[in-house]
Amino acid sequence: MSDKRRRRVPRQVREQQIIDMAVQVFAKRGYHPASVDEIAEMAGISKPMVYLYLDSKEGLFLACLRREAERLVAAFQGAARGVGSPEMRLWAGLSAFFAYVTEHRDSWVVLHRQASELSEAITEEVARARRAVMAEVAGLVRDGLAEAGGSARLGDEEADFVAHVLVGAADSLTDWMERHPGETPERVTRRLMNMVWVGMRNVLGGELWEPPEPPRAPEAPSDEGSVEG
């Protein structure tokens with residue numbers, strides 16, 4: 001046996017290699033049709049070795065979820081860190097989010113499309129990852145509200161509301177971007193900021209939308225003063 005074959009790969013490195021291959025297979029085939037045999041073959045190890053490292057197919061999928069969610073949050077945090085105003089930090093973070101999804105489509109398919117349809121443990125992991133992203137966005141929105149001032153005073157509840165709007169819209173826009181491959185992450189972020197952030201500034205300035213008053217029903221003609229024949 002050669003020295004190369006005898007050389008042991010550190011556990012952490014091997015786990016990352018397995019997860020790399022698993023993300024590709026899960027994204028391409030879906031959770032249930034995906035084969036651990038195929039993942040093992042792509043990673044260059046035996047099927048029992050996959051179970052030794054990650055315990056089960058569900059454990060492997062959870063490891064994929066955790067890693068890809070951590071990378072997504074890290075991309076958002078890294079882009080927003082050190083940028084001047086909360087508004088620009090949000091711009092940088094959302095741009096990084098859309099860029100990550102564009103560049104790591106397999107990762108996003110696993111996180112966004114497949115995980116919500118699987119076991120309770122997987123659903124809980126997705127919810128945890130979503131809360132982490134939501135906390136980052138809500139913090140930036142809260143800072144932006146405090147810095148912007150304005151005649152209307154908006155608190156934590158409004159910041160949480162805006163964060164949910166932004167994250168929900170960003171989730172949906174990833175599917176829209178797939179149908180519009182010519183749209184860049186920067187352009188999508190600009191359009192989202194124009195829709196949400198500019199609207200929020202108007203609210204801070206005291207401009208609120210209210211539904212129009214319904215038209216009054218015409219009054220029935222009165223019989224008073226009528227002439228009898």
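## Helices α2 and α5

The axes of α2 and α5 cross at roughly 95 degrees and come within 9 Å. Axes here are lines fitted to C-alpha atoms, for helices over the stretch in contact, with angles from 0 to 180 degrees between N-to-C directions. Ala, Val, Leu, Ile, Met, Phe, Trp, Tyr, Cys and Pro count as nonpolar, Asp, Glu, Lys and Arg as charged, and the others, Gly among them, as polar.

From α2, the residues in contact (heavy atoms within 4.5 Å) are Gln 16, Ile 18, Ile 19, Asp 20, Ala 22, Val 23 and Phe 26. They meet Lys 57, Leu 60, Phe 61, Ala 63, Cys 64, Arg 67, Glu 68 and Arg 71 in α5.

## Model and overall fold

This is a predicted model: local features need pLDDT of at least 70, side-chain atom pairs count only at pLDDT 80 or more, and totals for chains, interfaces and linings use all residues. Residues are numbered from 1 along each chain as its sequence is written, and side-chain values use heavy atoms, with hydrogens and water left out.

The chain has 10 helices and zero strands. Helices (H or I, at least four residues) and strands (E, at least two) are DSSP runs, numbered from the N terminus. Of the 229 residues, 38% are buried. Buried means under 20% relative accessible area, exposed over 50%, and partly exposed in between, with a 1.4 Å probe and protein chains only. Take the contacts between residues at least 6 apart in sequence: 71% of them join residues at least 24 apart.

## Helix α3

Helix α3 covers residues 36-43. Val 36, Ile 39, Ala 40 and Ala 43 are its buried residues. They sit on the same side of α3, because they cover an arc of only 100 degrees around the axis. The arc is that of the directions from the helix axis to the C-beta atoms. An α-helix has 3.6 residues a turn, so residues three or four places apart point the same way. The buried residues of α3 pack against α2 (11-29), α4 (47-54) and α5 (57-80).

Both ends carry local detail. Ser 35 caps the N-terminal end, with a side-chain oxygen 3.1 Å from the backbone nitrogen of Asp 37. After α3 comes Gly 44, with a positive phi near 75 degrees.

## Helices α3 and α4

α3 and α4 pack with their axes 8 Å apart, at an angle of about 95 degrees. That makes α3 roughly perpendicular to α4. Val 36, Asp 37 and Ala 40 of α3 make the contact with Lys 47, Val 50 and Tyr 51 of α4. These residues divide into four nonpolar, no polar and two charged.

## Gly 30

Gly 30 lies in the loop between α2 and α3. Gly 30 is buried, at 14% relative accessible area. Its C-alpha atom is 8.1 Å from that of Val 110, 80 residues apart along the chain.

Arg 128 belongs to helix α8, residues 120-148. Arg 128 is partly exposed, with a relative accessible area of 35%. The C-alpha atoms of Arg 128 and Ala 69 are separated by 9.2 Å, and the two residues are 59 apart along the chain.

Glu 125 is also found in α8. Glu 125 counts as buried, at 10% relative accessibility. Leaving out residues up to four places away in sequence, Glu 125 touches Leu 62, Leu 65 and Arg 66.

Conventions. Polar contact = N/O pair within 3.5 Å; in protein donor to acceptor, adjacent residues only side chain to side chain. Parallel < 35°, antiparallel > 145°, perpendicular 65-115°, else oblique.
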